[in-house]
Every structure is written in structure tokens, then in C-alpha cells.
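Please read them with the coordinates open.

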Amino acid sequence: MKIALDPTPFHHDLTLLEFPQRVRDLGYDHLQLTPHKDFIPFFRHPKADDDLVDDFARACRNAGVSVASVLPVLRWSGPSEDERRAAVKQWKRVIEITARLGVDTINTEFSGRPELSEESERAFYWSMEELLPLFEREGIRVLIDPHPDDFVEDGLEALRVIRGLNSPLVGMAFVACHTFHYGDQSPAIFEAAGRRIGLLHIADTFDHHRSHGLRYITNPPGNPVRVHQHLPIGRGDVDWDEFFSGLAGQGFFDRDDAVVVSSVFAEDENADEVSRYQLGEIRRRIDATTGQ
């Protein structure tokens with residue numbers, strides 16, 4: 001199992017090549033390479049050439065950390081054929097970059113549009129028909145999060161979409177702070193998914209259904225918005241005992257290929273402190289549930 005840090009809170013203070021040393025200084029052995037304007041930006045073609053990819057790999061080696069996963073977010077499920085085809089082209093370069101880094105795990109989102117779910121699902125399968133052979137050729141597994149505002153948000157329905165690909169390389173990334181958008185059914189998802197869950201994002205959030213739907217307030221009422229947070233463990237409503245014990249019961253934390261990512265984005269001003277706190281809490285809770 002790898003415990004990694006998502007360096008997103010440091011995007012405005014550090015350069016890309018400074019991320020690995022900061023991750024090491026905060027006590028982590030691994031990092032998650034998330035969307036960055038100089039590498040793989042959100043929804044756009046990757047900006048890293050081979051020289052920059054090699055420089056980043058060298059910075060990781062010098063700092064003594066590894067890249068546990070690469071996280072792109074692209075419109076491969078876009079109901080518009082133009083954006084879908086563009087995303088497939090972008091994905092091809094992402095696969096090249098990931099392979100050049102020597103990384104065997106990509107985690108991403110379904111994307112698409114919830115109000116055009118059928119059209120987006122159709123686009124997703126068309127994209128994967130072209131991309132899945134490339135993932136298989138490089139031996140890269142793809143773990144997908146049904147992110148709030150994707151064409152599929154419910155955790156069990158996401159597993160059905162994944163199973164439809166009929167590939168052992170495609171699984172689920174479970175993001176704890178999306179629990180209440182997944183349907184607040186973590187035990188059922190853990191049981192149904194089994195080993196298909198390969199990566200976790202660890203961050204807390206409030207249950208937007210509580211207080212008669214007024215835990216968060218948006219105006220005007222009835223906006224079709226999805227609200228969640230990426231808070232430190234214990235600052236929200238996620239049932240962490242249920243979360244860690246449920247995954248321990250599936251043997252997740254005993255797997256060599258499991259990845260656990262601290263992904264708190266809500267307190268950039270305390271990013272160093274929060275990152276160290278998250279690492280300690282993750283280790284403590286894993287040890288408590290596995291009897292180590």
C-alpha cells in the first residue's frame with residue numbers, strides 16, 4: 001500500500017519541479033500528480049514535453065519519492081463529439097506521459113453531463129473502445145471516480161458502468177468526501193466493488209442532505225449544483241470508523257497495489273500542518289483497523 005500526498009494546495013506557491021521535495025519534507029514517500037498548468041491541465045491538451053517529464057521524474061528520484069498515480073480530468077464522456085474526440089487525443093498523450101514516468105496507475109473522473117446521462121455514457125464507451133487497448137498495451141490501470149456533476153454520480157451505478165467495459169484494468173477510485181453524492185452507501189459499495197476499488201482520496205465533507213437540505217445554502221433555491229468540501233479528517237460528517245473498517249474488511253490495506261491519497265484542499269494557508277496531520281491520522285486509523 002502507498003500513502004500519497006496530493007500537492008494541489010501548493011500549486012500557487014511552488015513550481016512543478018519543487019513538488020517532490022515538499023512531499024518528502026512533509027513525510028510522504030509518494031505523491032499524486034494532479035492537474036497542473038505546466039503538465040496536464042484540466043480539460044486541455046497536456047503541456048509537458050518529454051524533457052519536462054524526464055525533469056519531473058529526476059526531481060522525484062532526487063527527493064526520494066515516487067508518483068503513485070497520475071490524475072487527468074478530460075472530457076472523454078462529453079456528449080459533443082468534437083469535445084469527445086479532442087479528449088481522446090489528449091488521453092493518448094496522457095498515456096504516453098504516464099508510461100514515460102514509469103507509473104502504472106491513472107485515476108480520473110467520468111466527466112460528461114448528468115442532464116445528458118445517456119448521451120454521455122454512450123460517449124464514454126466510444127472513447128474507451130479506442131483507449132482501452134492503449135491502457136492494456138502499457139499495463140496501466142484506470143481507476144474512475146463518479147465525481148459530483150459527472151454523468152454518473154451514484155457509487156453502485158458507477159460500478160455497473162465500469163463492469164460494462166469488461167476489463168480487469170478498469171476499477172474505481174473512491175473519494176471519501178464524495179460519499180454523500182455516491183448515495184451515502186459506503187458499505188454496499190465496498191462489498192459490491194471488492195478489489196475494483198484501487199485508490200482512495202482521504203478528505204472529509206459535510207452531508208449536504210442534513211438539516212432538511214440546509215447544511216449548505218445556495219441561491220436561488222433549486223440551483224442544480226453539487227456542493228462538497230475537501231476537509232481534514234474529523235472536520236465533517238464522514239463516518240471514518242465505517243470507512244476504514246469497511247475497507248479493512250475487504251483487505252484493501254493489505255494490498256501492494258492499493259493507493260491512499262490525502263486530498264485536503266480547503267486550508268491552503270495551513271497546508272503543511274494539515275498534510276502532516278492527515279498522514280498521522282491515516283496511519284493511525286489503518287493500524288487500528290488492521291490490528292498492526
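1. S111 sits in the loop that runs between strand 4 (105-109) and helix 4 (117-138). The model is a predicted one, and in it the phi of S111 is positive, near 60 degrees, although the residue is not glycine. Most residues other than glycine have a negative phi. The relative accessibility of S111 is 6%, so the residue counts as buried, the limit being under 20%.

2. N166 also deserves a look on the backbone side: its phi is near 55 degrees, again a positive value in a residue other than glycine. N166 belongs to the loop between helix 5 and strand 6. Is N166 buried or exposed? With 68% relative accessibility, N166 is exposed, the threshold for that being over 50%.

3. The peptide bond leading from N219 to P220 is cis, and its omega is near -5 degrees. Most peptide bonds are trans. P220 is located in the loop that joins helix 7 (210-213) and helix 8.

4. Helix 6 (residues 186-193) has S186, I189, F190 and A193 as its buried residues. Why do they lie on the same side of helix 6? The arc they cover around the axis is only 100 degrees, and this places them on one and the same side of helix 6. An α-helix has 3.6 residues a turn, so residues three or four places apart point the same way. The cover over the buried residues of helix 6 includes helix 5 (155-163), strand 6 (170-175), strand 7 (197-202) and helix 8. After helix 6 comes G194, with a positive phi near 55 degrees.

5. V175 is part of strand 6. Its relative accessibility is 2%, so V175 counts as buried. Setting aside residues up to four places away in sequence, V175 touches D145, Y182, H201 and H230. As for F19, it is 156 residues from V175 along the chain, and the two C-alpha atoms are separated by 22 Å.

6. Two packed helices are described by the angle between their axes and the distance between the axes. For helix 8 (residues 240-249) and helix 9 (residues 271-290), the angle is about 55 degrees and the axes are 9 Å apart. Angles of 65 to 115 degrees count as roughly perpendicular and those under 35 as roughly parallel; helix 8 and helix 9 are therefore oblique to each other. The crossing of helix 8 past helix 9 is right-handed.

7. Which residues make this contact? On helix 8 they are W240, D241, F244, S245 and A248, and on helix 9 they are I282, R285, I286, T289 and T290. By class, the residues in the contact of helix 8 with helix 9 comprise five nonpolar, three polar and two charged.

8. A271 is also in helix 9. It has a relative accessible area of 8% and is therefore buried. Apart from neighbours within four places in sequence, A271 is in contact with P9 and F10. Between A271 and L26 the C-alpha to C-alpha distance is 9.9 Å, with 245 residues separating them in sequence.

How values were computed
Residues are numbered from 1 along each chain as its sequence is written. This is a predicted model: local features need pLDDT of at least 70, side-chain atom pairs count only at pLDDT 80 or more; totals for chains, interfaces and linings use all residues. Side-chain values use heavy atoms; hydrogens and water are left out. Axes are lines fitted to C-alpha atoms, for helices over the stretch in contact, and angles run from 0 to 180 degrees between N-to-C directions. Helices (H or I, at least four residues) and strands (E, at least two) are DSSP runs, numbered from the N terminus. Angles under 35 degrees count as roughly parallel, over 145 as roughly antiparallel, 65 to 115 as roughly perpendicular and the rest as oblique. A crossing is left-handed if the near helix is turned anticlockwise from the far one by less than a right angle, and right-handed if clockwise. Contact means heavy atoms within 4.5 Å. Ala, Val, Leu, Ile, Met, Phe, Trp, Tyr, Cys and Pro count as nonpolar, Asp, Glu, Lys and Arg as charged, and the others, Gly among them, as polar. Buried means under 20% relative accessible area, exposed over 50%, partly exposed in between (1.4 Å probe, protein chains only). The arc is that of the directions from the helix axis to the C-beta atoms.
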